[in-house]
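This report goes through some side-chain and backbone features of one protein model. Please keep the sequence and the structure in view while reading.

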Amino acid sequence: MLRGRSAELAALDRVLSQARDGRGAALVVRGEVGAGKTALLESAASSAAAAGARLLRGAGVESEAELPYAGLQVVLREVLGLIGRLPARQAEALRTAADPAAGRAEGRGLGTGAGSGNGAVADVGGDRFLVGAATLTLLGELAGDRPVVVLVDDAHWLDHESAEALVFAARRLGAERVAIVFAARGGSGPAVFGAPGLPVLPLDPLPDEDGSALLADLAPALHASVRHRVLAQAQGNPLALVELAGALTAGQRDGSEPVSDQEIAVLPASWRVQRIFDDRIRELPGPTQALLTAAAAEDTGDLALIVRAGAGMGAAAADLAPAEEAGLIRLAGGRVVFRHPLVRAAVYQGAGMSRRMAAHRALAEALLPTGVDAEADAGAGAGAGEGAHVAAGAGAAGAAGAAGDRAGGGDRAGRRAWHLAAAAVGYDEDVAGELERTAEHFRSRGGRAAVAAAYRRAAQLTEDPGRRARRLAAAALAAGDAGQTEHAAALADAAAGRTASPDETARLASLRAGLAHTAGRPEAARLVLLDAARQVAGRDPAAGSRMAFEAMAAAWDAPDPAGAAADTLARLAGLDLGDGPLVRGTAALHGLATGDLAGGTAALREFADHVAATRRDRELPDQAVLQGWDMLLGDYAAVHDQAAALDRECREHGAVGVLPRVLLRLARCRLFLGRHRDAYATAVEGLEIARDTGHRHYGAMLGAVLAVLAALDGDEPGCLDPVPGDLAPGSTPNPLWHAYARGLLDLGRGRYEPALHRFAAITSGPNRHVLIALHALPEQVEAAVRLGRPAGARDCADRFARWAAAVRTPWAQAVELRCRALLAPDDEEAAPLYERALAAHAGDGRPFEEARTRLLYGERLRRARRRGAARDALAAALESFERLHAAPWADRARSELRAAGASGAGRAAAPAGADPAARLTAQELQVARLAATGLSNREIGARLFISPRTVGYHLSNAYPKLGVTSRAALAGLDLTRPS
């Protein structure tokens, strides 16, 4: 029994119970060293085994924290043989992560569609989240037979890639019979464990009564005064209670000998325990301490390796016996296992620098390959060769076997390089070169965080300034790709201004700017890009034009976009940027930001046409960056179709990390196109993926779309706080979009004074030329007219008219006519304007705007006593508002209908079967639509990054709502209608 942990045990039981019931669950158990995390996992393991669940276990290892996917290999080692069951791209990604040689040899030809010829390395390197999706699918496959319980101890020592993959899977378990439990120290470990979406179970100190009960179990005859002193020293830490009680002499236990704690009274409980271990270690023979130091430095515990290293320090295998007899270690399965992580810490920290360096050097020598291993290291160390091999027996399963053979020759070379680096003092180009080769091997595994760590340490060992800058830049770019934003920013700042290659300078500037933008500093981003443009333009005009375009794009997010755009153009004057499409794009964004609508739109149309025509020539992330600016042209249907095509490609290629940006664009287009249900479903999915991939900026922007949708529906709480807690992005909401949402809510509810103030703040401020400000102009006109202040609205109507004339889209022309009709002095002038507006609306793809035009026209007709015509216009408006879930506007239309003499103008009931999709949740609708096209559950799961079982769960819920009993019947339903 675990004393004082009944609540924690109950929480673990609930997680296991949810998994048995087909409700996937995850939990992070957090606590200080010695709090009982491992004991809780052992209890969970016993419960899972008793319930017949399949148990997968692993643990983070400090010495492997820089080896990509080392932790994931251990967790999945027993089931890697099932990789072939996964969708092709997921199988390719997971196979490469588990064993790069297997990924290259066996993964060829697995990809489908454009770009598959690049092979596994390109896919994993291109999107680090695909391994997480593959892990989720694999766990779902296993759970088909019986529940699966995954227990990961010491998760704070997981390598970044493994942590990211496992957390991605844990957040998206859905209807799987899977439970994942991580145990980690508080305040440490990969950042993904602190992100939203994973519940945390904190292990607080034991209360004194539970501590006393534990001491009574350990030392029943303990004197009361001694018990109180031990309780005070242990501070509720279970391990401290055990070790402090065990360190007492018989006389101290019965109170006949004094117990002094003055020296350690101010130290944390874990330090006090470590002091006890220090004393035991110092009593051991020198050769034993040398072997323990080697074991602490190479904490995979590989006994054979440690003994080989010990031989170089004058120790033999027999010298481990005293440590085993002292209870500091145990030998099991060819491994040296420390009694507790604090023992390892005490050994390593107490060894002193000279002994630690000697241990690392000896381990590096022991890791030198021989025979077939030399061939393996030669292939893997090169980092890319088709002829790379792995150590004997280290295939996909062998690579995840015993710790010492865990990852074949390539990771052995990596471990050797890290030991050499730990033993190095000052500059050492030979070791730096080994680390660089190791980094490139890690890159072939998709291990971007490991690449960053290896290049960073290589840079520290490099004396030549140019070479050091190149390695720092490589480290920064890899850290950025890994999502380690703060680390990447520090590395990028260290490398800035020192790189020699224009391409490297440009890439580094893009990284630094992106990090600054994500941190809410768009002006800093703009200046970084301008500086890079000046550095590279003379040597590489193409790179310079890219920096110029990115700088002008950053100006649009500055506090004063017009001023920033003008300043950007002035700073770019005189640079050799060529005359390519990006230069035209830069001119377009400048023109639009500074109010040159005619010139800006013409240049933007030319740039957008070029981007669309050359789309296939670019990688998916680059497409996502360059597409979408033509939203400023108002042709949302065209932008939507481009974004939908990019969305499909991202899903086909498993480009999970690109999706938040693409889904944001799709959600906005669907919002503007009046496809409110689709916009909601897209925004929610985008939020989930943004959370799972760490894209907080896009999460905040997607939350703003939800705020606008809530405003349209009259949901005031949802408008003010639109994002569920587990999806909260953790970054500052976009103030313009949220102000627009609140203004719409006020306008719909008839609160015209606050609505006018909100819209005026958007349209008259420094952001007056951005997209959402253009949309706010007609709203401001309506609010002003409702308040009887038409004079103040004429400038807004004129500004919108100039934009409508420049973009020439039917909906903009229709809304411009509506504004003129609102401002018309009498019915005789207003009526033809409304008629022309409705004619322009026909087929313009903006049903919400058309319904608003009909509502306003109907109100005017009613006041002119043309009741029959008013009822026709208002009834059509009501039908649209109800279909669009725009409750406040529907209420206004209904009220006007009653005033126009319509009978039965209550809430209209939708005709039976008119919109079967309306009965489904957002994800049920996604799944049902894909199933109706004939895709299998496995194919749907691969596209939505959920498991096939979760797909089946959503389908089983959708069938009764749709009145069908099989997927074959879905094809006969109209599920693809935009909604």
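Tyr636, Phe672, Trp737, Phe800, Trp803 and Trp811 are linked into a cluster by ring pairs. Rings of Phe, Tyr and Trp (its six-membered ring) count as a pair if their centres lie within 6.5 Å; planes under 30 degrees apart are stacked, over 60 edge-to-face, and the rest tilted. The model is predicted, so local features need pLDDT of at least 70 and side-chain atom pairs count only at pLDDT 80 or more, while totals for chains, interfaces and linings use all residues. Residues are numbered from 1 along each chain as its sequence is written, and side-chain values use heavy atoms, with hydrogens and water left out.

A search of the whole structure gives 13 aromatic pairs. One of these is the stacked pair of Tyr834 and Tyr857, with 5.0 Å from centre to centre and 20° between the planes. Tyr834 belongs to helix H42 (residues 827-841) and Tyr857 to helix H43 (residues 847-863), so the pair ties together parts that are 23 residues apart in sequence. Helices (H or I, at least four residues) and strands (E, at least two) are DSSP runs, numbered from the N terminus.

A charge sits over a ring if NZ of Lys or CZ of Arg is within 6 Å of the ring centre and within 35 degrees of the ring normal.

| Charged residue | Ring | Distance from ring centre |
|---|---|---|
| Arg356 | Tyr348 | 5.3 Å |
| Arg846 | Trp811 | 4.2 Å |

A nonpolar core is a set of buried Ala, Val, Leu, Ile, Met, Phe, Trp, Tyr and Cys residues joined through side-chain atoms within 4.5 Å. Buried means under 20% relative accessible area, exposed over 50%, and partly exposed in between (1.4 Å probe, protein chains only). The largest core has 114 residues, of which Trp803, Phe881 and Trp889 touch the most other members. Helix H35 (residues 696-712) contributes the most to this core, 12 residues. A second, separate core has 60 residues, among them Ala134, Val152, Ala155 and Ala655.

Contact means heavy atoms within 4.5 Å. Apart from neighbours within four places in sequence, Trp803 is in contact with residues including Leu597, Tyr636, Leu774 and Trp811.

Val150 is in strand S3 (residues 148-153) and is buried, at 1% relative accessible area. Not counting residues up to four places away in sequence, Val150 touches Leu56, Val75, Leu139, Ala179, Ile180 and Val181. Val150 and Ala44 are 106 residues apart in sequence, with 9.9 Å between them in space, C-alpha to C-alpha.

Most residues other than glycine have a negative phi. Arg865, which is not a glycine, has a positive phi of about 65°. Arg865 is placed in the loop between H43 and helix H44 (867-883). Phe945 is likewise not a glycine and has a positive phi of about 60°; its place is the loop between helix H47 (937-944) and helix H48 (948-962). Which of the two is buried and which exposed? Arg865 is exposed, with a relative accessible area of 69%, whereas Phe945 is buried, with a relative accessible area of 1%.
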